[in-house]
Amino acid sequence: MLIIKEDIPVLLLKKLSLLPLQEVRIELNNDLSKKIIDLSVNKYNKKILIILPVNSLEESPSVKDLPEVGVLTYIKSSIQLPNGNYRVVIRGLNRIKTLNYTNYKDNKSILISTIKKLYIDKGETNEEVALKRKLIEQTKKFIKLNPESSNSILFKINENESLDNLTDLVVPFINLPLNKKLKYMNEFSERERARNLIADLTIELELIKLNNKLDQDIRIDFEREQKEYLLKAKVEKLNRELGINSTKESEILLYTEKIKALNVDETIRKKLEHELKKYNYTPENSPDASVIRNYLDTVLSLPFDKSSKEELNVNAINNRLNKTHHGVEHIKERIEEYAALKTINPLLISPIICLVGPPGVGKTTLAMSISSALKRDFFKISVGGLNDSSELIGHRRTYLGASPGKIISGIKKCGVNNPVILIDEIDKMVKDYKGDPASALLDILDINQNKNFIDNYIEEPFDLSKTLFILTANDENMIPAPLKDRLEIMHIDSYTIYDKKDIALNYLIPNICLKYNYKKIKFKEELILFIINHYTLESGVRELERILDKLIRNIIINNITTSKITLDYIKKVLGNIIYDNLIVNNDIGNINILGVSPLGGKIINVQSLLIPNEEGITITGNVGDITKDNILVVINYLKAMNYINNKILNDKALHINFNQDINLNGASGSLGVAVSILSLTNNFKIDSQVAFTGKLDLYGNILKVKSIKEKIITAFNNNIKTIYLPKLNVDDINNVPSFILKEMKLIFVSTFDELYKDLFKKTKTSK
């Protein structure tokens with residue numbers, strides 16, 4: 001137990017109850033009260049003792065009339081109004097006992113009280129726990145039954161709150177007379193306050209129930225026939241005056257039947273009934289009539305309880321997905337897992353899947369195939385370039401031409417509450433003054449919140465937890481972090497040339513022939529590989545599909561037989577070879593590094609050159625600050641470790657150039673930059689079939705980098721035979737196809753010294 005004594009200025013208030021934790025605003029107009037406030041603010045840390053005289057009718061109470069109990073308060077704010085009055089906001093802190101009252105030395109009219117505060121940490125007894133639970137239960141019942149009470153207290157009361165604080169929170173929310181509130185103010189025992197408060201709440205609940213019963217009895221006793229007669233007479237009279245014909249009456253009856261048949265929560269039903277009443281009394285030619293009618297039609301057409309029967313047979317789903325898409329086994333397995341678990345738990349919430357990969361790898365068509373395999377309805381929403389969040393969550397009905405957002409519109413169009421909704425290109429959304437669509441997606445794509453999604457137009461909750469959302473993106477780094485946290489990211493990597501060959505033979509060519517209603521054309525594998533290697537340069541197969549479409553059109557129109565489809569014929573139709581994947585670096589200081597862009601893997605050519613009679617370092621090739629910083633790290637490391645002879649750089653400028661057409665702003669190319677510089681300074685040529693990836697730090701360590709699988713596939717497609725890469729990435733090759741690993745030499749290094757010995761010294765020795 002801790003006892004604290006202190007002196008506090010006293011402020012007398014009449015006809016006002018104040019409890020700890022309670023905040024009140026008062027306006028003071030007499031000079032003495034103003035002086036007391038000023039004294040508290042200037043010398044007593046804004047603390048003040050609020051007491052209520054025993055006899056509130058006494059104009060000038062004596063010290064004997066003052067109670068022994070008060071509330072220690074804190075002055076949150078004090079403002080002097082233009083009329084000279086003080087507007088003060090005070091907050092109750094603790095109940096206290098007054099030991100005595102004295103006059104303030106500088107102003108005898110001001111009372112100072114010596115107060116005593118007790119701090120007792122005695123733990124929480126079982127009785128107090130029981131009282132808390134009963135008090136919370138009665139309070140919730142009171143708020144639920146009493147329409148005049150505010151429900152804001154529900155967010156404050158919980159079992160973690162102490163019984164002392166709980167009673168002080170509840171009392172102000174009950175309409176009790178002042179004398180009862182004063183009793184609660186003066187009572188130090190929290191148990192006694194809780195018992196009395198439970199009793200008062202019980203009485204109030206019984207009074208509310210009795211009042212409700214009386215209202216109900218009055219309504220029942222009312223003559224129904226007379227009521228119907230009067231209502232019909234009034235409606236008929238109003239219809240004649242307003243020019244409302246019988247068509248609207250039948251329309252209202254139809255709406256009434258639909259509302260009754262709707263399987264929704266009672267709150268939604270009451271909302272619709274209220275809107276229907278408004279529509280009934282709105283003139284037909286009023287603009288509001290069409291607004292209300294559109295709202296009723298929209299809400300009544302929503303599939304609140306209508307779901308389509310989905311396919312949950314794993315084998316059937318696997319067969320359908322294999323017919324349309326090659327590879328992507330990890331995504332197919334995820335969908336099959338969901339179907340298998342859905343048979344065990346029909347209430348399983350649908351996952352939120354995000355497909356990330358370069359353009360053309362089949363993200364959108366895969367989402368459509370998943371919808372078809374699950375036998376669910378499909379709806380696509382494209383958000384690339386979207387900057388208005390209202391497009392997703394709807395416009396409020398106060399706006400002219402308001403409508404639901406794309407999500408609810410898609411649900412309405414599908415007619416079921418469990419479709420597959422594709423949200424395409426989420427990495428290309430725009431945030432500006434119109435809003436932030438990514439923030440609007442947070443509630444939609446959160447499995448813990450979308451059960452009660454509220455569209456601004458509908459204004460009532462709709463369950464989105466049964467909807468399977470599939471999102472697509474090209475660049476994972478461009479997805480906002482809060483949104484990314486709600487997604488199950490699944491990557492679709494670039495295709496190898498052999499993947500593209502299989503996709504062309506098994507999917508693209510049959511589909512193109514089917515489109516033109518022509519028999520299936522047989523192509524030799526070597527011809528397809530020739531087209532892939534020399535007419536396409538992409539991670540996906542979109543350009544390959546266009547080229548094959550052009551070729552097949554020519555075959556059909558000219559009636560070309562299979563035997564005549566040769567290399568010469570292909571060159572004649574498609575023109576000269578566009579790409580040659582044979583990379584040849586004949587110059588010293590010219591090497592290949594592996595990079596990744598949103599469009600897929602990339603071979604980047606780095607060149608180094610010394611310029612006489614100049615000084616400094618020049619970096620060209622559309623590179624960002626991160627790349628430039630890492631180049632400086634590389635150069636300083638090579639100088640410090642004597643890999644570069646400073647005499648070589650005397651009176652010479654080092655020029656580093658990146659031959660590429662993308663914005664380069666990463667660190668994974670710094671290892672290749674170091675090799676390029678040493679190739680130049682050592683007059684040593686690097687084989688064009690060797691490539692590098694890795695981040696070199698200031699101490700010569702080669703750090704781990706991202707997208708190893710994508711880089712290896714890109715190197716394989718471009719005839720690279722050897723790759724130097726960080727040893728820390730050794731586990732990342734597990735997902736690389738085995739046939740690629742057999743044909744490529746991967747050299748893992750952990751320090752630059754290891755690479756130098758393996759690449760430069762070994763090669764020199766062999767020569």
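Modeller: Let us begin with helices, which, like strands, are DSSP runs numbered from the N terminus, a helix being H or I over at least four residues and a strand being E over at least two. The expected span of a helix is 1.5 Å times one less than its number of residues. Helix 9 (residues 287–300), with 14 residues, reaches 20 Å from its first C-alpha to its last, close to the 20 Å expected at 1.5 Å a residue. This is a predicted model, in which local features need pLDDT of at least 70 and side-chain atom pairs count only at pLDDT 80 or more, while totals for chains, interfaces and linings use all residues. Residues are numbered from 1 along each chain as its sequence is written, and side-chain values use heavy atoms, with hydrogens and water left out.

Biologist: What does the protein average in pLDDT, and where does pLDDT stay under 50?

Modeller: pLDDT is the predictor's confidence in each residue, on a scale from 0 to 100. The protein averages a pLDDT of 83, and 92% of the residues score at least 70. Over residues 763–767 pLDDT stays under 50, and for this stretch the model has five contacts beyond four places in sequence, a contact meaning heavy atoms within 4.5 Å. Where pLDDT is low, the predicted coordinates should not be read in detail.

Biologist: How many helices and strands does the secondary structure come to, and why is the protein described as more spread out than a compact globule?

Modeller: The secondary structure comes to 26 helices and 22 strands. The radius of gyration is taken over C-alpha atoms, and the globule rule is 2.2 Å times the number of residues to the power 0.38. Because the radius of gyration of the protein is 39 Å, well over the 27 Å that the rule gives for 767 residues, the protein is more spread out than a compact globule. Along its principal axes the C-alpha trace spans about 110 × 85 × 55 Å. Among contacts between residues at least 6 apart in sequence, 73% join residues at least 24 apart.

Biologist: Which residues of helix 3 and of helix 9 are buried?

Modeller: Buried means under 20% relative accessible area, exposed means over 50%, and partly exposed lies in between, with a 1.4 Å probe and protein chains only. Buried residues make up 46% of the 767 residues in the protein. Helix 3 (residues 163–170) is mostly covered, with six of its eight residues buried, namely L163, L166, T167, D168, L169 and V170. In helix 9 the buried residues are A289, I292, R293, Y295, L296, T298, V299 and L300.

Biologist: Which residues of the largest nonpolar core touch the most other members?

Modeller: A nonpolar core is a set of buried Ala, Val, Leu, Ile, Met, Phe, Trp, Tyr and Cys residues joined through side-chain atoms within 4.5 Å. In the largest such core, which has 68 residues, I370, F523, I531, L548, I712 and I723 touch the most other members. Helix 17 (residues 497–515) gives the most to this core, with nine residues. Leaving aside its neighbours within four places in sequence, L548 is in contact with A504, L508, I509, I512, I528 and I531. A second, separate core of 52 residues includes I268, L296, V416 and L441.

Biologist: Where do K46 and E459 lie, and what is phi in each?

Modeller: Most residues other than glycine have a negative phi, and most peptide bonds are trans. K46, in the loop between helix 1 (31–43) and strand 3 (47–51), has a positive phi near 65 degrees, and at 30% relative accessibility K46 counts as partly exposed. E459 lies in the loop between strand 10 (453–454) and strand 11 (461–462); its phi, also positive, is near 70 degrees, and its relative accessibility of 31% makes E459 partly exposed.

Biologist: Which residues is Q689 in contact with, leaving aside its neighbours within four places in sequence?

Modeller: Q689, in the loop between helix 23 (670–681) and strand 18 (690–692), is in contact with N719, I720, K721 and T722 once those neighbours are left aside. The C-alpha atoms of Q689 and I591, which are 98 residues apart along the chain, are separated by 9.2 Å. L238, found in helix 6 (residues 224–242), is 82 residues from K156 in sequence and 49 Å from K156 in space, C-alpha to C-alpha.
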